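Open the model in your viewer and keep the sequence panel beside it. The stops below each begin with a selection.

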Number of protein chains: 2
Amino acid sequence: MAVRTVINAAGRSVPVEINGRKAVPFKGVGKHRPRGGKYSPPIPTCNDFPDDGNKVVKSLEEALRKCGLRDGMTISTHHHLRDGDLISNKVFDLASKMGVKDLVWFPSASFPCNDPVIKYLEDGTINRIEGSMNGPLGRFVSDGRMKGTAVLRSHGGRVQAIQDGEVKIDIAVLAAPTCDFFGNAKGTGGNSSCGVLGYAKADSMYASKVIVVTDNLVDVPCYPMEIEGNYVDYVVVVDKIGIPEKIVSGTTQITKSPDRLLIAELTAAFLEKSGILKDGVTMQAGAGGTSLAIAVFVDEILKKKGWKSKFGFGGSTKYMVKMLEEGSMGYILDAQAFDLDAVRSIENNPHHIPYPVFNAYNYHSKGNLTSMMDIMILGATEIDLNFNGNVVTHSDGYLLHGIGGWQNCLHARNVILPVPLFRDRIPVIVDEVTTLCGPGELIDVIITERGIAINPLRKDLIKSLKGSGLPVRTIKELKDEAERICGKPRKAEFEDKIVAAIKWVDGTVIDVVRKIKTK
Amino acid sequence: MAVRTVINAAGRSVPVEINGRKAVPFKGVGKHRPRGGKYSPPIPTCNDFPDDGNKVVKSLEEALRKCGLRDGMTISTHHHLRDGDLISNKVFDLASKMGVKDLVWFPSASFPCNDPVIKYLEDGTINRIEGSMNGPLGRFVSDGRMKGTAVLRSHGGRVQAIQDGEVKIDIAVLAAPTCDFFGNAKGTGGNSSCGVLGYAKADSMYASKVIVVTDNLVDVPCYPMEIEGNYVDYVVVVDKIGIPEKIVSGTTQITKSPDRLLIAELTAAFLEKSGILKDGVTMQAGAGGTSLAIAVFVDEILKKKGWKSKFGFGGSTKYMVKMLEEGSMGYILDAQAFDLDAVRSIENNPHHIPYPVFNAYNYHSKGNLTSMMDIMILGATEIDLNFNGNVVTHSDGYLLHGIGGWQNCLHARNVILPVPLFRDRIPVIVDEVTTLCGPGELIDVIITERGIAINPLRKDLIKSLKGSGLPVRTIKELKDEAERICGKPRKAEFEDKIVAAIKWVDGTVIDVVRKIKTK
């Protein structure tokens, strides 16, 4: 039976119910007002916990049994171990062995290493994933093969959903590079260091049961307590929570592509000439090759002018660490560490500060870090003539990426998308995005190797670039040029079936992904 | 109309309703099971907060107005500024000026500097205080002059009450020595440093509205964020939040009284000879003169044996700091800093770690720090033949002290009360405590200048002291000796009217304080 749909404020047809629960259609940026109170997880009591504080049980299986794992439960994990994660899959191996069915997996992100859970989606152990799905997992969803409907949220939207009780986590299984027997845990130390554990904060606070899995049990107190032991039910010690070289890359690298370097140069020039770059600027870039190049070029300008960036918000990389150490950046506020230099820095530099997405990104809190920031460098798979952005599907219609912090970051003062005009001869600028992830009113500037398009809403920026010599063009001109080179792209074709819902930062449904049309 | 009372599991007559809300009588240690979920404060939205993150308003009055201050609201404050606090009274000065009535003041503790609020209890601005009441405030309550019924909770019980929704804080007014415009705040820095802000954590997380008042506004990010800005509604900058020399004492001092020194020596000898003191021991003492002397004597034993204390839980003092710096203590976990050395240490020593009572003391969480601890040194105003303890009233029946962390600390492995046999010729050991604050089954040892009484339940300790040469006696013998010297004390006389309820750590009512009989 098809679910009833309505047209939301962005003109997209979205369901009023997802996985049997009422869903609120997107109402416009800043238009939805939440009602009621935050989610109230069960009140625990010290009666149920050992006086000596030792919560270690002998295996993950025992911990899951003690947590009462059963059909239909929601299990959360975090992605700080990235592609080196050895714990998330293990949870479902055990659940399958225990004969448990219809679980909801609620990861903060998934990676290629998680592709093996496809077999559990197939055999009914897992009903659905609510979280990012890249590569094969995304194809599985797009092919209409997942039993439940996927729900994609931004990193901040995930916190909002947990806090507001949209998603009730029954069991959080949180891998931790270091932990004491009470459950105080952190992201550094041991052989599986990932730097920070900020994505797990909401899970630990709101889940009914919390299991911490570590390969580095230390004496009380494990400090800093990124996960606080008084939220933790059980601690499990294993040989290895992750594969170190896949947890953090040995080193992040700036792009070597001449086109991407040109985009990065143009972006740095734009930031300088528009006057956005200034002493005390705040900025978030990212760990992609182009973003890193932009950070390096920006750093050169700052140094030349004798300016300093007040802080950068991580994902942190060796390039940010270098800026911090050389004094051209005051602080790194960090939600995740991408490379070894970043991990080392966060262990040793008091100006490299863990700043969980819980604090930076949750739209249902009393302010976000992102809206205070001057410069936000983001990517997109597609951008349309109204500056709307897509980050989850490709133009062929397949769900291939998660939202990450992208939607949250759109709230910065100047949102800049440096993107190539086309990828593999597929234009990036299109008439209308396949999937709407971010409304155009929040996207200020598109920078391509063949010109810069400024959102007409940003009259101030357009004015500031008058006479700058920069190649400012309309977005239509950029789109036309791409199509002259690559031809008009074929539109993806879909069946009616909704396979994934895309949530906005306030929990409303901004768009859906439908099943790819069977040939 | 008198409220209906029942006899609770401790044999005390307690009301089934307090201030119009249902109250649960004490059921015995570890017998009460909480039901339902944690309190769910209203869901906020970034829509209501400035994009630039600047929450500074021009005065505390404006902030209170914006928070919608009105009759009957519950206002919380913390006591980290101790007797130097300039903010708590100011809130009620403003409320009175605004004509607001029947407020509930919910401080984490009160100090003599708060005595001026008596006028607001008299004129109806404040209905009642739920929190500690020392000296004149306590007398005001004992004389039956407070309109509502006082509710006294331990520090951990206060967190439990907030978390469980027993107390719904409408507005938390949190003074902070350092704060940024977003509301991230900490206990160090500026002219009013108090070291840590751990008592304010629950207030910031669960209050509907949160105001941070600072005299030291710094650039974003204020770090470490003991109060997280995304819980904060408004920031107010004032000239002075406190009087520095009354916030932390220049220096804490060990007792000079020969009797107290004897008690301290006996306590140290008891710890050594009983085998409780060992390498890796964990301990909490306190900042009183006798406690400090015990800490010094214990430190000497540790050094002599080449042992080390794993950690001490603060209230921290220069004596703990010295142990930390000299290596005879591994860490200080700290809920409040009592003197200047402690404040300096927490700013500079990474092994001096803020550890909020939220994490250490809340009985409705997944374990407490206190139950893991080996040695807990506490005081009492009275102890009875069943080892029951009283810390809130004196033998004359007057309410003169708060509970502090005393009840929470009773959960440690070895609870030791070094007390003088009498104070001002009033015996400390009595037939039955005037007010029951802690059940005798949790109190292990009473150490007086004239002998040591061990709770008969602790057969292990009695055995361990055989042949030790220490003056072990029964508690009855100690009581009889005191009465031989001072005479049998007169029992306090009360009227029926209940003026204060004493909560146990699980939110149940363990006893009450009644109005002092009018002569």
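This is a predicted model: local features need pLDDT of at least 70, side-chain atom pairs count only at pLDDT 80 or more; totals for chains, interfaces and linings use all residues.

**Stop one: a helix of chain A**

Now step back into helix H10 of chain A, residues 318-326. Lys318(A), Tyr319(A), Met320(A), Val321(A), Met323(A) and Leu324(A) are buried there. What covers them? Show helix H9 (289-305), helix H11 (340-348) and strands E17 (309-313), E18 (329-334) and E19 (352-354) of chain A, which are among the cover.

**Stop two: a helix pair in chain B**

Switch to chain B and select helices H10 (residues 318-326) and H11 (residues 340-348). Their axes lie 7 Å apart, at an angle of about 40°. Show side chains at the contact: Lys318(B), Val321(B) and Leu324(B) come from H10(B), and Asp341(B), Ala342(B) and Ser345(B) from H11(B). By class, that makes three nonpolar, one polar and two charged residues.

**Stop three: the largest nonpolar core**

This core has 348 residues. Select Ile171, Ile211 and Val212 in both chain A and chain B; these touch the most other members. From chain B, domain 1 (48-127 + 167-245) and domain 2 (258-494) each supply at least three residues. Centre on Ile211(B): leaving out residues up to four places away in sequence, it touches Ala63(B), Cys67(B), Ile171(B), Val173(B), Leu174(B), Asp233(B), Tyr234(B) and Val236(B).

**Last stop: between the chains**

Select the contact between the chains: 44 residues of chain B meet 43 of chain A. The chain B side has 20 nonpolar, 16 polar and eight charged residues.

Terms used: Residues are numbered from 1 along each chain as its sequence is written. Chains are lettered from A and ligands numbered from 1 in the order in which they are written. A nonpolar core is a set of buried Ala, Val, Leu, Ile, Met, Phe, Trp, Tyr and Cys residues joined through C-beta atoms within 7 Å. A residue is buried if 20 or more other C-beta atoms lie within 10 Å of its own, exposed if 12 or fewer, and partly exposed in between; C-beta atoms are placed from the backbone. Domain bounds come from an automatic or database domain assignment. Two residues are in contact if their C-beta atoms, placed from the backbone, lie within 7 Å. Axes are lines fitted to C-alpha atoms, for helices over the stretch in contact, and angles run from 0 to 180 degrees between N-to-C directions. Helices (H or I, at least four residues) and strands (E, at least two) are DSSP runs, numbered from the N terminus. Ala, Val, Leu, Ile, Met, Phe, Trp, Tyr, Cys and Pro count as nonpolar, Asp, Glu, Lys and Arg as charged, and the others, Gly among them, as polar.
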